Structure formats: C-alpha cells, structure tokens
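Dear colleague,

Please find the structure below, for your files. My notes on it follow directly after.

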Amino acid sequence: MPTNRRRGWSAVLRTPLGLSAGVLLLAVLALAVLAPMLWNDQASAIDTDHLLEGSSAQHWLGTDNLGRDIFYRVLVATRQSIGLALLATAIAVLTGLLLGTAPAVLGRRSGRLATAVVNVAVAFPGLLLALFFAVVFGVGAKGAVLAIGFAGAPAFARLTQTLVAGVAARDFVAAARIAGVGRIRLLVRHILPNIAEPLVVNATIGAGGALLAFSGLSFLGLGVQAPAYDWGRLMGESLNSIYVHPAAALAPGVAVVVAGLAFNLFGEAVAKLLGVETIGPGRYARRRGAPVEPVVPTAQYVVEDVVLSVRDLRVSFPGPQGPVTPVRGVSFTIGHGEAVGVVGESGSGKSLTALAVAQLIESPGTVTAERFDFLGEPVLELTEAERRRLLGTSFAMVFQDPATSFNPTMRVGSQLAEGAREHQGLSRRQAMARAVDRLRAVRVPAAERRARQYPHEFSGGMRQRAMIGMGLMGEPALIVADEPTTALDVTVQRQVLRLLESIRTADDVALLLISHDITVIGQVCDRVLVMYAGRIVEDLPVSALATGAARHPYTRALLAAVPDLDTDLDQPLAVIPGRPVDPARVPAGCAFAARCEFATDRCRTENPELTGADGHQVACWHPQLQELGRPLRMGQR
Ligand SMILES: Nc1ncnc2c1ncn2[C@@H]1O[C@H](COP(=O)(O)OP(=O)(O)OP(=O)(O)O)[C@@H](O)[C@H]1O
C-alpha cells in the first residue's frame, strides 16, 4: 500500500474520536488475548458457599448459580465473544467478496444471476436471515457463526459490487485490459487492492454488528452452548435473577456495548478520514440485417497498407425512451504511420469512437460495425482471447488524465511489465528490463529507479510519458490518444506531443489523436476527422486547414472560434451559435442544420453522406468553396 494511504490510517489516531476508539479497540483485543490466560482459573472456580451472591469486596460483580466470579467470567468471555464475531465477519466479507466480484469474473449471464441473488438477499432483514441460518445450521457456536456470516454477506456483496464497478471504470483498468491482462488477474492485481481499504473499514464496522448479533443468538440459547460461554450466554444465564442481582446481567451487556462501540467508532473514524463509503466486458456485436442507412463506399476503403478500417461504426446505449446512439455510423481508415486527428465539440462522440476502437465500451453499451478490421483482422469476430492478444501486442491507448491511468497500488515498472509477461512470454526479469528500456525510450530520467516507484511519485507529464511507454511494451501499430495533453500544463503538453510525434516517425506507428483543440491536431496530424453529433461531417488533410480549404460550415465555425495573435481580446471570443445536439434527440436531416447559416429545407430533411475525392470528403448539401479568410495557424510542428 502506498505510503500516503498508510499515513491516512495513522492520522486517524490523531483525531480525538479516532484515538479514543483506537485505544478502546486495542484494550478489547488485548483482553481477548490475555484474559483467558490470566484469569481462567478464577473464572471457572466453583464456590458452593457463595451461590448467587451480590457485589462484595471478594466478588466485585457477585457470583453465579455455581458460585463462580462474574467479573472474571465477563473478562474471560471476551475471547469467545470477539473471536466468534471476527470469524463471522470474515465469513461475511469472504462470501460477499465472492458474490460481489462474480459479475466481473464470470460471463455476463452468470454475473447477472449473481447480481440478482445479491439484490434479493439484500432485501431481507439481516436478523431474519441470521435466525433462518441459525435454524438451518443448528444450535451451537458453529451454526451461529455461519448464520451471522451468511446473513452479513449480502451487504458486503453489494458494497463489493459498487466498489468493483467504480474501480473497473478507471483508466488503469482499461489500460490493463488493452495490455491483454486476463479477468482473474485484473481482479486480483488491479481491482481488489484498490477496494481493500473500504472493505477493511466496513469489516471493522461490521464486526461491531456481528458481536451484537452473536450475543443476541447466544442470549436466546442459539449460540454458544455450556460449558463454553460468551457475553450473550452470560446475559442469558443471569436474566432470571436480574431483579435481585442486576450487575450480573448488566456487566456482560455493558461489555457488548463497549466492544461493539470500539469496532464501530474506530471503523467510522477511519472511514470519515479516508472518505470511504460505508455500507448502509464490453459487448460487441457485428451488426446483422440490413443497415439502417445506406453506406456510400468511398475511395478511402481501397487504401492499401491499412492499420485500421472502420465502416459504419455505431455505439448505442439503452435509454429511458429507447436506445440512444451517440456514434451514428462513423467510417474511416488509418494507414501505417499515419496521424489522424478527431475534433469536435464536447459530446460529439469523439471519446466513444476512441473507446470503441479500443474495445472498451462496457455493457450495456453495444458497438456494431459493417466492418471493423485491425491489421486485417475482423476484430468483432475474434474470440476474447484472440482480441486480447491482438490488442495486447499491437495497440496502445493513452488516456486523458495521467492521474488515473496507473494502478496506485502497483509499481510503475511492474505495470508496464505485466502485459509483456503475458503476451510476449518474457520472464519477470526480462519484462522488467524491457519496462526500464521503454521508460528510457519515453525519456523518463533515471528509468531504473523510477520503474521501482509508485505512480504518485511521478509528475503528471512523466506519468503520461510512462503511459505511452506502456503502449510501447509491445510493437504497436496504432496508438489511440484521447485528449492526452488536456490535463497537462502547456510546456509538458508540448513534450508529450513531440514524444508521440517522434514515436510515430521512428517506428511507423499510426496515431489516432482525439482533441477538442483543433490547433493541437493541426500541429501533430496529417488528416482530420471533424465530428458532429456522432458522425464525421468532414474528413480533410491538415494542410487544408492551413490553406482555409475546409468546406463544412461546422469545420469553418470551429476554425473561426480559435483565437490567434490578431484576436482582439477586448471583444468576446467567437463562439458557434446554438447548442450541440442531444444524442437522444437527433433531428432529421443534417444535425448541424439548426445552427447553420446556409441551411435550407433539404438540410432539415435529408442527411448528407460523406462524399468527395483526393482525401477530402464532406457531408454537406452546401459545402463552402471559397477559401476561408482566416485559416488555422499551424504553429510549431
Ligand atoms: N455510457 C454512456 N451512456 C450513455 N450515453 C453516453 C455514455 N457515454 C457517453 N455518452 C454520451 O455520448 C455522447 C458522446 O460522448 P463522448 O464522450 O464520445 O463525447 P466527446 O466528443 O468525447 O466529448 P468530450 O470532449 O466532452 O469528451 C455524449 O452526449 C455523452 O453524454
């Protein structure tokens, strides 16, 4: 566990509540260990001369019906009470973990079944479940431990499911999946270490509840059986004489409350400090049947030496009023060593296109395509293992936020090495040597030392370079970079872009660069795909941006909105009038028509296809042919 998290736990002891709860918990645990060793004889000594006596100097809390000292019995019962409660908690956590991680490990159908079982079980009151299991497993300590353990499992299963879902959505899990890491290893190495902390915190709180439940069962005679005894049993035994001899019944009750509080308060204090929540695979299908809209084959599909060829790519999600399709039939190809940029306003479908290319759209999202070939392989028709191998060795993805791209609980070198061991059959040592070499290749200084560090010890730019290094562990033919510089400051941005550029030219690696910043695309790419409302509205060479030859009114509006040195900063910056289209309510015809000054009735009824020649295509009924007065300044390339 990285040191900053460890500091979090110790910081709990610096808060008054955390310190008191910690000391109390330590005292309870120490008593559980030591009391039977120190006072077992006193607790079991029968004294027939002092039966059922009240408090006295000799017996502080009096004696029971065999003359045994209640005070010592309460102390000695700590081990039985705490031990069994902890055992029940362990069963609850383990069963919860198995059920909660099932959807991530099993296939979609079995996963759903596990989720349904958890949902039904969570709906039952815990005490009812405990009583039910107590009857099933029989009267006695073993039965009660199993009963309380299984009754607590649904809550932990639900918590695990929520935590797993949260971690599974993080970029480093996507990165590991792209590197071809299998489901079980993904779970054990990347997901579980990142949910361990909230689980431990909740288990601590849960132990308090288990203690209470266990005492309840023992009190009812369903738990610990004589001659063994725990606090619940002691309470039950002294109930008959509670009016004449209240201390004998109250003392074990107080012990339950104090110990339960110690667990609860300590867990809550840690949870509060760490901000922990307390209890209280992509679905891909080749499209069947007739395509919804006609696809116009264009010259680009005959490009030879193609790395990626996508035709009529669609990404859909279920919505309250039927499926929503934020990517609505995108077609493009990328040649070897070609750098293709994707621009468009927020929500235009750029990231979903990148995720679909990386096979990272999660269920219930679906990806369909008429054609989806990567290095000549029909990706959507491959088995999961084939797909992992193909992507793990020939594909790399760089995410927007370097802070979330790495698993915080694993050293950077190990994360780079992980995929290489799996796919390239390298030994641990060889994979680590390659990881260091790759870190060097992406200009991480002191690569050997850095490889042994955790991600939080890297700066943002260095992490982003390391992420690119991870992509270079295999021999990628394509790097997809989704806003790779947005989270970085300007100088570091330039370093990262230059690095991508140099990798591309040195190794003939193709690049698909997503950015909302058309200037960045202009600096790095050969070709630009302009997206609007889930479709490509213009596919043009970058040089056309510089000469003002963009034809689509939307591309021209994007260019006009880029400030340059001549822009009068006292005037408001140019913006594109109107709002982007909501994917759930895409209008008929050209989706840009409502914001376009050239729109006619035809635009509002008929959707224009992407057509053109010489590497410049546009989907518009009124492409603008005159040169744009204010083309893009290309800046430094
Ligand atoms: N899991 C999802 N379920 C439903 N809709 C989604 C999902 N993910 C994205 N969308 C919708 O799809 C549309 C396109 O999203 P996408 O992230 O691809 O946009 P983008 O062009 O990359 O925007 P940005 O630049 O803001 O990242 C958005 O309207 C978004 O709300």
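Val343 stands opposite Val530 in strand E11. Helices (H or I, at least four residues) and strands (E, at least two) are DSSP runs, numbered from the N terminus. This is a predicted model, in which local features need pLDDT of at least 70 and side-chain atom pairs count only at pLDDT 80 or more, while totals for chains, interfaces and linings use all residues. Residues are numbered from 1 along each chain as its sequence is written.

The strands around this pair

Strand E4 (residues 339-343) pairs with E11 in the parallel sense over four bridges; two strands pair if DSSP finds at least two bridges between them. With strand E12 (residues 535-541), E11 pairs in the antiparallel sense over six bridges, and Tyr532 has Arg535 of E12 as its bridge partner. E11 and E12 form a hairpin with two residues between them, and Ala533 in the turn has a positive phi of about 50°.

Six of the six residues of E11 (residues 527-532) are buried, so this strand is largely enclosed by the rest of the structure. A residue is buried if 20 or more other C-beta atoms lie within 10 Å of its own, exposed if 12 or fewer, and partly exposed in between, with C-beta atoms placed from the backbone. In a regular strand the side chains alternate between the two faces of the sheet. In E11, Arg527, Leu529 and Met531 point one way, and Val528, Val530 and Tyr532 the other.

The sheet

E4, E11 and E12 belong to an open sheet of eight strands with mixed pairing, in the order E8-E9-E10-E4-E11-E12-E14-E13. Strands E8 (395-398) and E13 (611-613) stand at the edges with a single partner strand each, so one side of each is left without a neighbour in the sheet. E13 pairs with strand E14 (residues 616-618) in the antiparallel sense over three bridges, and the bridge partner of Ala613 in E14 is His616.

The ligand

Of the 14 residues around the ligand, Pro326, Ser346, Lys350, Ser351 and Leu352 come nearest; a residue is near a molecule or strand if its C-beta atom, placed from the backbone, lies within 6 Å of it. Helix H11 (350-357) and strand E3 (324-335) each supply at least two residues of this shell, and H11 gives the most, with three residues.

Ser241

Ser241 is found in the loop between helix H9 (231-238) and helix H10 (246-274). Ser241 is partly exposed, with 16 other C-beta atoms within 10 Å.

Yours sincerely
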